[in-house]
There are 2 protein chains.
Amino acid sequence: MDDDVWDVVIVGGGTAGLTTAIMCASRKLKTLVLEGGVWGGLPATMYPSKVIPNYPGFPEGISGIELVRKWIRGARDNPHIIMKRERVLKIEKGGVVKTEENEYHGKTVVIATGTRPRELGIPGEAKFNRKDKGVYYYVTHREKFIDNRVLVVGGGDTAVDAALDLVDLAKEITIIHRKDRFRALDENVHRMEQSSNITILLNTELEEIKGTDKVEEVILLNNKTGEKKVLPVDMVVLAVGLKPHTEMFTELGVETDDRGYIITDRMQRTNVEGVFAVGDIVKGAFRLLIVGAAHGAVASQKIYEYIRKPYWAGEDEK
Amino acid sequence: MDDDVWDVVIVGGGTAGLTTAIMCASRKLKTLVLEGGVWGGLPATMYPSKVIPNYPGFPEGISGIELVRKWIRGARDNPHIIMKRERVLKIEKGGVVKTEENEYHGKTVVIATGTRPRELGIPGEAKFNRKDKGVYYYVTHREKFIDNRVLVVGGGDTAVDAALDLVDLAKEITIIHRKDRFRALDENVHRMEQSSNITILLNTELEEIKGTDKVEEVILLNNKTGEKKVLPVDMVVLAVGLKPHTEMFTELGVETDDRGYIITDRMQRTNVEGVFAVGDIVKGAFRLLIVGAAHGAVASQKIYEYIRKPYWAGEDEK
């Protein structure tokens, strides 16, 4: 393939990015996908073994990793797609995409950067959130947690799932949530409450993570009583939500909300000519894999129309 | 199940209606689906054997009928769903749904009525479009077409697919299109052009269908030259697009465009309290099965929030 100008440069190799790529390729568009992290996005990193219950087509559910492997294989096997593991630094007007290593030119650009776990920004977090020093944003290598004292922070499904996922492995688990109830599947909250190995502290916030070389203890604040307490733990899992990946398009001029989510029309077009956005980075998009996949299908059609300009372009939008 | 009040009454049993039902049921909502025609919608009637190339999750493609069977089976096997084959006459405010036989009450109503083939409205059409008199809107029972002279009307993929589908069965095929080129997959148009059994007439319109008891001939008009001609045929396939099923909600007050497509927000809510719309009936929705399935997933979540009112309702919309 000629590297000079791509029909489509897709920034992000999660569900929405890869399904966009596969559908563009089925229309014989010359497609480049760039991913700086892990192919497959959040299901591949944060919850590979979790069963996705709400992807229509797989009534018995399908694991996140199985589903994203379909996209990865589909893209790899396609002669119209090149996948490159390069981190995108900047997307500029006119279809210029700069990575750490290269500069690419696309007739169209698709932003599929999605979200990543949010940091808490508390003292100690940055010191211990790398190289297995004890702070994690999700549970990946479960064996690391064996026989450790674990603090899970968060009140959503991710936090509750993490606590339940570790219940038979960890020495003891404490889960704290700043509100007075969980925002997670009732049956899972119930399972947590029944477990003798999980301590639940509501109205509780994490103030600080302490230790010399690794995590040793945490300072917890009860936000009702103002009481603080020290809890000795070995590992902390911060499951406190997601935030959009926005760094690479801050100067591009795409319209976003104040948190960085991109505003598109129903055809996945942004306000910038030739720039589309798909998946979790899109404002108001419901964050489900099926929605990202649908974005990919729609965007690819509109990209095809934008590039090839068939006489019927836009007819489907009526 | 108690028939008095349903959590959800879904009008229409195609992809969007059934996936909405399955996902509502997975949230244990008491769900009723009403379908007056064929379960599975257009893929089940118009193109059962056609491979759906753009449903992410099935990289080798999946036939329309296989895909809709998944929804049908999923709904049938679910204890929270009742499927009834009843034609809906009217949806009224307050969640009242009237069929030919019954009246149902839902806390929410989902309009998933989709589209159906458009009629041409020309002389002779209404006389022959029933009971195998020779006018069809799509090809179902291919064996009927064996050794017959067939006229296909239309310029889109449905028309081109119909002509190709019949090429080895029919005695001879004529395809006419009112414009000067087809709006269909290039490779299929090329295959048609190569076929010795298909005659292509562009800039040509169907004016009238004639016959005594069955179709015998058609009057064609060349819209460039004004020339008319009589073509003897046995069967006519009118593949001239789709129109929305709107009869049952004209008085409900849901906002639509001037053709009847329903305007929703990205969470599939209409302007009428408690009334949602999903699938091809939604204005601006790209008409793909994957989009209908995504609508179902999103709507079910919003229906759950609307009915159960958990404290986190609406948080995903930020």
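In this predicted model, the charged end of K309(A) sits over the ring of Y306(A), 4.6 Å from its centre, where a charge counts as over a ring if NZ of Lys or CZ of Arg is within 6 Å of the ring centre and within 35 degrees of the ring normal. R287(A) likewise lies over the face of Y261(A), at 4.4 Å from the ring centre. Residues are numbered from 1 along each chain as its sequence is written, with chains lettered from A and ligands numbered from 1 in the order in which they are written. Local features need pLDDT of at least 70 and side-chain atom pairs count only at pLDDT 80 or more, while totals for chains, interfaces and linings use all residues, and side-chain values use heavy atoms, with hydrogens and water left out.

**Aromatic pairs**

- Over all chains the structure holds nine aromatic pairs, a pair being rings of Phe, Tyr and Trp (its six-membered ring) with centres within 6.5 Å, called stacked with planes under 30 degrees apart, edge-to-face over 60 and tilted for the rest.
- One of them is the tilted pair of Y55(A) and W71(A), with 6.0 Å centre to centre and 50 degrees between the planes.
- This pair links distant parts of the chain, 16 residues apart, since Y55(A) lies in the loop between β3 (51–52) and β4 (62–63) of chain A and W71(A) in helix α3 (residues 64–76) of chain A; helices (H or I, at least four residues) and strands (E, at least two) are DSSP runs, numbered from the N terminus.
- Y55(A) and W71(A) are both buried, that is, under 20% relative accessible area, against over 50% for exposed and in between for partly exposed (1.4 Å probe, protein chains only).
- Y136(B) and F145(B) form a tilted pair at 5.5 Å centre to centre, with 55 degrees between the planes, and both residues are buried.
- A single aromatic cluster is formed by Y55(A), F58(A), W71(A), Y55(B), F58(B) and W71(B).

**Interface of chain B and chain A**

- On chain B, 41 residues are in contact (heavy atoms within 4.5 Å) with 41 residues of chain A.
- About 3700 Å² is buried between the two chains, 57% of it on carbon and sulfur atoms, buried area being the accessible area (1.4 Å probe) that two parts lose on being put together, summed over both.
- The elements giving two or more residues to the side of chain B that touches chain A are α1 (15–26), α3 (64–76) and α7 (289–308) of chain B, and α7(B) provides the largest share, eight residues.
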